[in-house]
Amino acid sequence: MSSTPTSLPNGPITPDLLAVARGDAPADLLFANAKIINVFTGQIESGNVAIHKDRIAGIGDYTDSRETVDLKGSFLAPGFIDAHMHVESTSLPPSQFVRLALPHGTTGVVLDPHEIANVLGLPGIRYIMEDAEGLPINAMFALSSCVPSSHLETSGARLEAADLAPLFDDPRVVALAEMMNFPGVVHADPGVLAKVNLGLARRIVDGHSPGLRGRPLQAYLASGISSDHECTTAAEALEKLSRGMRIYIREGSAARNLEALLPAITPSTIGRFCFCTDDRHPGDLADEGHIDHIVRRAIKLGLEPIAAITIATLNPAMHYRKRDLGAIAPGFFADLVVFDNLDEPHPRATYFHGKLAAKSGAFIESSMPASTRPTPPRSPLHLPPLSESSFAIPAKPGAAKIRVIGMDPHQLLTANLTIAPKIVDGQYVSDTSRDLLKLCVVERHRASGNIGRGFITGFGLKFGAIASTVGHDSHNLAILGTNDADMLTAARALEACGGGQCAVKNGKVLALFPLPIAGLMSDQPAAVVIQQQRALMAAAQSLGCPHHDPFMPLSFMPLPVIPSLKLSDLGLVDVDQFKVVPLEV
């Protein structure tokens, strides 16, 4: 197979399509009286759109068709594309995710399955790709570049360039995914560069470089990496953009960067931006939306509507070299969204490849293929024998200050704080009066016995404990608690169900959210998952947590590649120094 990227394996160009475009044959479907969003010119055209099978044949005064949908002046836009997300963060496999995304106008998504890859390796990636096969969405894939993310954590698998190479033969693969090990790139680590060169030879390489500026950024970009979704300030975005990067504005369930980055969008820079969610919980998908939510927020914050739609459609298609996605134009796939208010676009109908896939907020089940979905892989927890003492932290005599993670519920960046500890019976313990809580990360893939122990502020728990096997990127067991007994109860509850999330108080499990697929995803329908997750959030809030969703920020506290201080199973990680550091200052 050629290494040149190709379009998705759907609907070749045929003489019949060209006959409809010439006006010599009737269209299969005609959208009449539409206000057509032209993302090439930034204008709105009034006219009709003729569809032949899965593609757009023409735009203008076409009238001959087998079926006509009179839009009566409603707007018709290209389907939205999420430029980067991990479907595992929705707690759903692709075949369930699509049921939530299509009603919000999403017709394309670039999936990086590195969450399941860090747990199960290649079988995990193949499961996600097989489950996405034939769905009514353009499921594109970026192959996971960092399994594990770095040497500072223990993952369930390790993937090198040779392991990834055969997967590039799948035409749905559009990139090597976010290269998170930016120190490895900057300092020319041979294994890292082997992956980068593979990605450049076969497709493109996406980036991940939080806070990287100056000459280290220049070295990172000199490798050929093309994008970044970790910018938190307009100044950072403009520096990266000026050196050739495409900037993804991320607005997910954990990190929300839209408001901070919006000032960087100008008429001269608009073509260098895309929207992405990165991580999005199912309840937020159902209640707020997907890329359509970002579009509405951007417009509300002052971005011109067609500019916002262009960033959500044409720009990611161009970045991933998809010549027939992201616009309403002859020969493009008929992936279309209908809405009534340009200033607040709420999709009321979504068409995928010329077929109605969602209407009035509901997914149309008949748009799903009849084929059987693949059997999900399981990943039981392999924990060492645990007791309350497993989480104890002996106090070091004479230590006046300890390092503490400062958590912001809306950012992935954390603060590296120094705080006086609370000591009881010779042990460091949680102090709810100062929101100083114990955090432990237990290695769960090999029962190695590795347990990272530390403290964190920002969660606000007053009682009990919460725990999760969703812990980016190696997805070890993260437990946050006010006392060791409840932390142990939480660990045992998740071990018994094969992974998931839970909330515990006084030795009782208040809510359990099982995630039996690799400890990351549910095997239940989307509606059931949302119900279970909402019960979990209510239980967490009953423990005193003020946040809508504390499990999303908790999942990023073990990630040792985003500054400044994190906790992996190997201990506290000073990401700025890229090394494990002691608890005591």
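The entries cover the pocket, the cavities and then the histidine.

I worked from a predicted model, in which local features need pLDDT of at least 70, side-chain atom pairs count only at pLDDT 80 or more, and totals for chains, interfaces and linings use all residues. Residues are numbered from 1 along each chain as its sequence is written, and side-chain values use heavy atoms, with hydrogens and water left out.

Pocket. I took a pocket as an open set of points on a 1 Å grid over the protein atoms alone, with protein on both sides within 12 Å along at least five of seven lines; a cavity is a set where a 1.4 Å probe fits but cannot get out, and lining residues have an atom within 4 Å of a point. Volume is the space filled by probe spheres set on the points, which are joined across faces, edges and corners. The largest pocket holds about 230 Å³. It has 16 lining residues, with Pro148, Arg158, Asn181, Val192 and Lys195 closest to its centre.

Cavities. I found four of 30 Å³ or more in the whole structure. The largest cavity has about 130 Å³ of space. Among its 16 lining residues, Glu88, Ser89, His281, Val470 and Gln501 lie nearest the centre. The second largest cavity has a volume of about 60 Å³.

Is His475 buried or exposed? I list His475 as buried because its relative accessibility is 1% (buried is under 20% relative accessible area, exposed over 50%, partly exposed in between, with a 1.4 Å probe and protein chains only). Beyond neighbours within four places in sequence, the contacts of His475 include Glu115, Arg444 and Val470 (contact means heavy atoms within 4.5 Å).
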